[in-house]
Amino acid sequence: MTGFMLILRRDLHLAMRQGMDSLMVVMFFVIAVVLFPFGVGPESNILARIAPGVIWVAALLAAMLSLERLFQTDYEDGSLELLALQPIALEITVMAKVVAHWLTTGLPLIVAAPLLAVLMNLPDEGFVILIVALVLGTPTLSLIGAIGAALILGSRRGGILLSLLVLPLYIPVLIFGVSAVDAVISGFEAKAQLLILGGIFFAALPLCPWVGAAALRQALD
Amino acid sequence: MFHRFANPTRFLKLADVIQPWIAGATLVLLGAGLYFGLFASPPDYQQGETVRLMYIHVPSAWMAMFCYSALAGSCAVALIWKHPLADLAARATAPIGAAFTFLALVTGSLWGKPMWGTWWVWDARLTSMLVLLFLYLGYIALNNAFDDPQRGSKSSAILALVGFVNVPIIKFSVDWWNTLHQPASVVKMGGPSIHADILLPLLLMAAAFTTYYLWVLLIRIRTEVALGKIRARQMQKAQTGYKG
């Protein structure tokens with residue numbers, strides 16, 4: 001556990017020192033959502049209808065943009081090899097990095113989401129469920145993204161490749177995250193969608209660090 | 001037996017023997033399937049002549065999933081036993097599978113226009129097939145993204161195994177969700193629910209598509225082996241040329 005905390009603290013420190021980087025992810029999130037009222041027109045009922053989907057898609061893209069840095073900088077300056085040489089399992093290292101990624105991108109996105117929901121005219125009853133769905137869904141995005149980030153290490157044009165690998169795997173989270181909000185807005189319960197989101201998270205929690213570590217081992221060979 | 005054919009030369013010798021037979025079987029099955037499908041089977045009482053699209057659409061969809069399973073299986077073998085032929089088979093399977101997936105989507109779309117009144121609907125079966133196409137493309141892109149081909153095939157093998165979660169989702173999407181796409185009618189409990197006149201050409205075409213896959217797979221593996229040899233020769237030449 002101490003090894004886990006050490007890596008987590010190191011990554012958080014690094015993120016703090018380069019504070020603009022995590023802030024830029026949130027700024028991208030805000031700007032991407034704000035583009036939609038210009039694109040589809042400012043009618044409030046149309047905006048309210050598409051709000052959950054737009055916010056979720058923008059959150060997906062924002063989370064993906066910051067993934068490239070997850071292992072890339074450590075891989076390039078060689079510290080990833082030192083992390084792999086530690087007497088703790090590589091899976092734990094991956095897990096710590098995923099938690100750090102979620103704390104520096106997932107959490108700020110959740111904080112920014114209500115503001116965007118106001119801008120997009122989301123009906124009042126949708127706010128709480130949007131936050132709950134994002135809390136359940138964004139950790140899964142970081143977990144699945146870690147696999148993609150580990151797979152592209154050392155490739156040509158990693159960033160664009162990452163989107164091709166990771167976005168198809170994000171679709172289930174997107175579907176159930178949006179349909180949870182839609183259900184509550186139209187007066188239904190969202191229990192089933194939330195349970196599925198939670199189920200995906202708990203399936204990804206042990207599997208993704210394991211696969212991510214396998215991918216890192218290929219990269220470090 | 002399994003490790004015997006890890007040697008590409010030994011495998012190619014075997015391939016030389018079976019390839020003509022597979023090619024012959026493909027032509028015969030395809031001819032018979034097309035004859036029964038286009039001439040000797042009745043039009044559907046509801047769908048009329050458009051039902052004949054099924055003889056292309058359903059086998060390609062089956063092959064799309066079969067190829068992905070073969071891809072994931074080869075990748076698992078390549079990762080676990082470092083079997084060199086499994087690597088080649090995986091790399092050779094991916095474009096074939098992607099082509100079958102594309103064919104299934106296109107024929108489905110052409111069939112959907114007269115039957116459902118639309119080229120495309122976002123229902124679970126169609127969406128998960130589209131995701132399958134993206135997974136194939138992601139696999140091919142990752143495989144080719146590294147300067148060291150070994151590294152590419154290892155990384156993409158992991159991706160292929162992760163993407164395998166999509167295959168059961170495609171298979172059961174029509175049962176789990178209430179979709180416009182009809183549920184399974186050939187492979188199901190209690191026997192197929194379609195008439196023998198239609199089932200016969202369908203099965204013939206499915207068999208033809210399977211042997212076609214094997215045929216093209218052998219050709220592609222042969223190509224991959226040849227490309228590997230060419231690459232090795234060029235490296236050798238470049239090295240000696242540099243020294244000399």
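## A tour of helix contacts and pockets

Begin by selecting A:Leu90, A:Glu91, A:Val94 and A:Met95 in H6(A), which meet A:Leu205, A:Pro209, A:Trp210, A:Gly212, A:Ala213, A:Leu216 and A:Arg217 in H9(A). Contact here means heavy atoms within 4.5 Å; helices are DSSP runs (H or I, at least four residues), numbered from the N terminus. The residues of this contact divide into 8 nonpolar, 1 polar and 2 charged. Ala, Val, Leu, Ile, Met, Phe, Trp, Tyr, Cys and Pro count as nonpolar, Asp, Glu, Lys and Arg as charged, and the others, Gly among them, as polar.

The model is predicted: local features need pLDDT of at least 70 and side-chain atom pairs count only at pLDDT 80 or more, while totals for chains, interfaces and linings use all residues. Residues are numbered from 1 along each chain as its sequence is written, chains are lettered from A and ligands numbered from 1 in the order in which they are written, and side-chain values use heavy atoms, leaving out hydrogens and water.

Now display both helices whole. The axes of H6(A) and H9(A) come within 8 Å and cross at roughly 110°; axes are lines fitted to C-alpha atoms, for helices over the stretch in contact, and angles run from 0 to 180 degrees between N-to-C directions. The two helices are therefore roughly perpendicular to each other (65 to 115 degrees).

Next, select helix H3 (residues 44–65) of chain A with helix H6 (residues 90–119) of chain A, which pack at an angle of about 160° with their axes 10 Å apart. H3(A) and H6(A) are therefore roughly antiparallel to each other (over 145 degrees). Among the residues of H3(A) that meet H6(A) are A:Leu47 and A:Ile55. This contact has 10 nonpolar residues, 1 polar and no charged.

Move on to the largest pocket, with a volume of about 1,400 Å³. A pocket is an open set of points on a 1 Å grid over the protein atoms alone, where a 1.4 Å probe fits, with protein on both sides within 12 Å along at least five of seven lines; lining residues have an atom within 4 Å of a point. Of its 42 lining residues, the closest to the centre are A:Leu169, A:Pro172, B:Val165, B:Asn166 and B:Ile169. H9(A) gives the most to this lining, with 12 residues.

Finally, centre the view on B:His57, B:Val58, B:Trp111, B:His181 and B:Gln182, the closest to the centre of the second largest pocket among its 40 lining residues. H3(B) supplies the largest share of this lining, 8 residues.

Key. Angles under 35 degrees count as roughly parallel, over 145 as roughly antiparallel, 65 to 115 as roughly perpendicular and the rest as oblique. Grid points are joined across faces, edges and corners, and a volume is the space filled by probe spheres set on the points.
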